[in-house]
Amino acid sequence: MFQTLRNAWQIKDLRKKILYTLFMIVIFRLGSVIPVPLVNSQALTDLAQGGGLFGLLDQFSGGAFSQATIFAMSITPYVNSSIIMQLLTVAIPALERLSKEGEEGRKKIASWTRYLTVVLAFIQATGLYFGIKGIVTTGHSFVAFIVITLTFTAGTAFLMWLGEQITEKGIGNGISVIIFAGIVARMPVTVRALYENFIAAGFTTVGIIKLVAIIIVAALSIIFVVFVTDAERRIPVQYAKRMVGRKMYGGQSTHIPIKVAMAGVIPIIFAMSILTFPQTLGAMLGKGNTWNILPADTWGYMIVYFLLIIFFTYFYTAIQFNPIEISNNMKRNGGFVPGIRPGKPTSDFINKVVVKITLAGAIFLGLIAILPQLTGKVIGYPLAMGGSSLLIMVGVALETVKQIESQMLMRHYKGFLD
């Protein structure tokens, strides 16, 4: 990875893209320390320390939520909007047809996603204003409502624009890069908290062994996530030769790559949303942790969390991956899986492979998600970084490096042809 970055830095236009991306990240971090007027930051700090969705939001925002800054809601309304539009595209035939109309259709869906993001951001900001006790410092008034909700909404809209600028003029997917930067920004605080816990326990032999065990588990987790994120099952595809006029087409061999972790981090977010919904609702209604049905440090929570992740992994994979459509496209283009008849037998075979691969991916996601709680139970020190944060960091890093490599390869061929 470092060799790739070093080689990319030597290419002038890629160096400009990298510097532009870094400049946008600096702007994001500057906005993460600008406070929202009329807001009691301690109320949001208490919510973030309670974990759950608010803790996850604080991680994604790089601590901006707990500090009550203009980027407190981070880019999560855009992520939610994108997921909603993706689900609606599957459920509504008109949207599905629009998504298949090429670049123009995708532009329309992207535009609707932006509008929905602003609406969701305003709803979330309104919920923070009315639901969280003590968020306003000057009493509930119409002026305070307008200032706070519009500032939170504008912060999210600006981050959405910032992400699109990075995607267009920088390196990597802009939204993912912003989330990545927020998670990385929280790492010093996380390491410091682990160090303070170690100091509080005293410099004992048992404490040192536990600290070393935590470091080893964290390193192995990163290696495991990198391995599984890149892992895929390749279904071989052969295209028959055919004559068109005087030219021969087809005859080549290729494959269908099926990722083990196809669903990514979405099942973890869905499962966490369901488990922490009572606690989140209770916090917004001023009930504290009294509505926390399943505390995160219990075996019951881990078992339910694990099973929910498996369920949502299958659910989201079924939405993303359509074996029947793939089989029909192969049949139209003269492709077939060796040893499998085209049509329904091919779609059944692909579906069977996907079900098996998805099970492995679901177990992987479940283990990564409950790893912090498991280390807390077994070792005594919980793993500071959650499974969702680890998956996002590794996924964004790998995808960005691949994009840099592809752009370097494209420029290499261009220079060769010139």
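**Close-up views of a predicted model**

**View 1. Gly343 sits in the loop between β5 (335-336) and α14.** Helices (H or I, at least four residues) and strands (E, at least two) are DSSP runs, numbered from the N terminus. The model is predicted, so local features need pLDDT of at least 70 and side-chain atom pairs count only at pLDDT 80 or more, while totals for chains, interfaces and linings use all residues. Residues are numbered from 1 along each chain as its sequence is written, and side-chain values use heavy atoms, with hydrogens and water left out. Gly343 is buried, with a relative accessible area of 13%; buried means under 20% relative accessible area, exposed over 50% and partly exposed in between (1.4 Å probe, protein chains only). Leaving aside residues up to four places away in sequence, Gly343 touches Ser327 and Lys331, where contact means heavy atoms within 4.5 Å. Look also for Glu325, which is 18 residues from Gly343 in sequence and 10.0 Å from it in space, C-alpha to C-alpha.

**View 2. Helices α13 (residues 323-332) and α14 (residues 344-378) cross at roughly 135 degrees.** Two packed helices are described by the angle between their axes and the distance between the axes. Here the axes of α13 and α14 come within 8 Å. Axes are lines fitted to C-alpha atoms, for helices over the stretch in contact, and angles run from 0 to 180 degrees between N-to-C directions. The two helices, α13 and α14, are therefore oblique to each other (angles under 35 degrees count as roughly parallel, over 145 as roughly antiparallel, 65 to 115 as roughly perpendicular and the rest as oblique). The crossing of α13 and α14 is right-handed; a crossing is left-handed if the near helix is turned anticlockwise from the far one by less than a right angle, and right-handed if clockwise. On the α13 side, the contact is made by Pro323, Ile324, Ile326, Ser327 and Met330. Their partners on α14 are Thr346, Ser347, Ile350 and Asn351.

**View 3. Helix α12 also packs with α14, at an angle of about 150 degrees.** The axes of these two helices are 9 Å apart. That angle makes α12 roughly antiparallel to α14. As for handedness, the crossing of α12 and α14 is right-handed.

**View 4. Tyr129 and Phe145 form an edge-to-face aromatic pair.** Rings of Phe, Tyr and Trp (its six-membered ring) pair if their centres lie within 6.5 Å; planes under 30 degrees apart count as stacked, over 60 as edge-to-face and the rest as tilted. By this rule the count comes to twelve aromatic pairs. In the Tyr129 and Phe145 pair, the rings are 5.3 Å centre to centre, with 70 degrees between the planes. Tyr129 lies in helix α7 (residues 103-131) and Phe145 in helix α8 (residues 142-169), so the pair ties together parts that are 16 residues apart in sequence. Both partners are buried: Tyr129 has a relative accessible area of 2%, and Phe145 is at 14%.

**View 5. Phe311 and Phe315 form a stacked pair.** Their ring centres are 6.4 Å apart, and the planes are 15 degrees from each other. The two residues, Phe311 and Phe315, are four residues apart in helix α12 (residues 299-320), separated by about one helical turn. Phe315 is partly exposed, with a relative accessible area of 36%.

**View 6. Thr113 belongs to helix α7.** With 6% relative accessibility, Thr113 counts as buried. Not counting residues up to four places away in sequence, Thr113 touches Tyr78, Ser81, Ser82 and Met85.

**View 7. Ala68 and Ser74 lie in the loop between α4 (52-60) and α5 (76-91).** Ala68 has a positive phi of about 55 degrees although it is not a glycine. Ser74, likewise not a glycine, has a positive phi of about 55 degrees. Ala68 counts as buried at 2% relative accessibility, and Ser74 counts as buried at 0%.
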